[in-house]
Amino acid sequence: MSDDPDTGTGAGSCMQSKEDTIAENRARCICNPCPSYNECMRAADERVFCIRGKSPTCTFDKKGCTCPNCPVWQAMGFKKSYYCIRGSELEQK
Ligand code: SF4
Ligand code: SF4
């Protein structure tokens, strides 16, 4: 007579919030030295546009986008660019 309660094993949380993903990748984002990154974005310390979406307050001129050189872009398998102007990878699909 065995009592076998079906307790799940190894069911860790694999859900990560968007905010957590942004926070995790902030230090790896290379927007700061990008020629399109301007004083408005710097003042608001805005980064990781590929995930968070375009800047809500700043406007930009396209002067080049260094995203394809970014470790976040490469690790995530992203394909787009100019996230600060056009919106996140998901929004551009
Ligand atoms: S891909 Fe672009 S926006 Fe996203 S973290 Fe890298 S540099 Fe920043
Ligand atoms: S998203 Fe691309 S264009 Fe915009 S600041 Fe970052 S690297 Fe530059």
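Okay, let's start at Val-48, which sits in the loop between helix 2 (39–44) and helix 3 (49–52). When I say helix, I mean a DSSP run of H or I at least four residues long, strands being E runs of at least two, and both are numbered from the N terminus. Val-48 has a positive phi of about 55° even though it is not a glycine. Most residues other than glycine have a negative phi. So is Val-48 buried or exposed? It counts as buried, because it has 23 C-beta neighbours inside 10 Å. The cut-offs are 20 or more other C-beta atoms within 10 Å for buried, 12 or fewer for exposed, and partly exposed in between, with C-beta atoms placed from the backbone.

Quick housekeeping. This is a predicted model, where local features need pLDDT of at least 70 and side-chain atom pairs count only at pLDDT 80 or more, while totals for chains, interfaces and linings use all residues. Residues are numbered from 1 along each chain as its sequence is written, and chains are lettered from A and ligands numbered from 1 in the order in which they are written.

pLDDT is the predictor's confidence in each residue, from 0 to 100. The mean for the protein is 88, and 85% of its residues reach 70 or more. Residues 4–12 stay under 50, and there the model has zero contacts beyond four places in sequence. A contact here means two C-beta atoms, placed from the backbone, within 7 Å. Where pLDDT is low, the predicted coordinates should not be read in detail.

Now the overall picture. The protein has five helices and zero strands, and 20% of its 93 residues count as buried. Take the contacts between residues at least 6 apart in sequence: 59% of them join residues at least 24 apart.

On to the core. A nonpolar core is a set of buried Ala, Val, Leu, Ile, Met, Phe, Trp, Tyr and Cys residues joined through C-beta atoms within 7 Å. The largest one has 15 residues, and Phe-49, Cys-50 and Cys-67 have the most contacts inside it. Helix 3, helix 4 and helix 5 each supply at least two of its residues, with the largest share, three residues, coming from helix 3. If we skip neighbours within four places in sequence, what does Cys-67 touch? It is in contact with Cys-50, Trp-73, Ser-81 and Tyr-83.

Next, the ligands. A residue is near one if its C-beta atom, placed from the backbone, lies within 6 Å. Ligand 1 has 13 residues around it, the closest being Cys-29, Cys-50, Cys-67, Cys-70 and Trp-73. Helix 3 and helix 4 are the elements giving two or more residues to that shell. By type, the ligand 1 shell has eleven nonpolar, one polar and one charged.

Last stop, Glu-91, in the segment after helix 5. Glu-91 is exposed, with 12 other C-beta atoms within 10 Å. Glu-91 and Lys-54 are 37 residues apart in sequence but 9.5 Å apart in space, C-alpha to C-alpha.

Note on methods:
Nonpolar A, V, L, I, M, F, W, Y, C, P; charged D, E, K, R; others polar.
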